[in-house]
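Please look over the sequence and the structure below before reading my comments, and keep the display open as you go through the points.

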Amino acid sequence: METEQVLEQAARWQQLLCRLESVETAHVVFAPDGSPAEVHVLARAGKNAKAVARDVQSALCAGFGVEVDHKIISVAQLHPALAPAAGIRLVFFGMEVHTQGRALEAGVTLAGFGQCRTGRACGSTLPFSRRQCIAQATLEAVHAFTGEAARYELRAVDCAELSGKDVTVAQVLSLTGGKDLLGSAYTQPDADAAVVRSVLDAVNRQLSFLPRPTGRPGPG
């Protein structure tokens, strides 16, 4: 399996695992033949490690049709005093982009703690405007989670080349903290999704210290 395919597959697995209620973050390693070799999970306190491992197995089986041996799953748990259990950690859930002539509308859906919320923005089909539109829609979805607890303004989103790889970089201003935040993601294989992930990379670390939103609304 090619290196880019392995990285893409690992990212999909990690994204799914991070949507589990008890999982803070995850890292997946694949063997050269494309089979899973290691699954590392950092879990919040509250559920024992064996139960977390079973959740991981069930999620991967349901999401990708792969039965993972429990022996390759490693679970580490944060001490309750150290875990940002009440914080927000948002993941990319889905996106819709509609065009009519030169007009473009993007809807970006983010997920966190079992909730999904969607942000929307309008722009044009020009490449730089498309990136800005998707980035702004991502921030609108973030604001749907944070309310006035955290507000962000898009400064710039652009593409650059690093060691022969295209990278999407987002610069976001925290209006509540007064800090410039920078996030990045590999542009390939999905340039639109890379914009969303670069914005999330910029804001997610700061969001982990905010209170968890209440209620369980669906997308929209």
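1. Among the elements of the chain, the lowest mean pLDDT, 77, belongs to helix H1 (residues 3-17), while H3 has the highest, 94.

2. Two stretches call for care: residues 82-86 have a pLDDT below 50, and the model gives this stretch 10 contacts beyond near neighbours in sequence. Over residues 215-220 the pLDDT likewise stays under 50, and there the model has 13 contacts beyond four places in sequence. Where pLDDT is low, the predicted coordinates should not be read in detail.

3. Turning to the sheet, three strands in the order E7-E8-E9 form an open sheet with antiparallel pairing. Strand E7 (152-162) and strand E9 (179-186) stand at the edges and each has a single partner strand, so one side of each is left without a neighbour in the sheet. From one strand to the next, the twist averages 20°.

4. Strand E8 (residues 165-174) pairs with E9 in the antiparallel sense over 8 bridges, and Leu181 in E9 is the bridge partner of Val172.

5. Helix H3 (residues 127-146) packs on this sheet, where it touches E7 and E8, and its direction makes about 135° with that of E7. Helix H4 (residues 191-207) also packs on the sheet, touching E7, E8 and E9, and the direction of H4 makes about 135° with that of E9.

Conventions. Residues numbered from 1 in each chain as written. Predicted model: local features only at pLDDT ≥ 70, side-chain atom pairs only at ≥ 80, totals over all residues. Heavy atoms only, no water. Pairing = 2+ DSSP bridges. Helix = DSSP H or I, 4+ residues; strand = E, 2+ residues; numbered from the N terminus. Axes fitted to C-alpha atoms, helices over the stretch in contact; angles between N-to-C directions. Contact = heavy atoms within 4.5 Å. pLDDT = per-residue confidence, 0-100.
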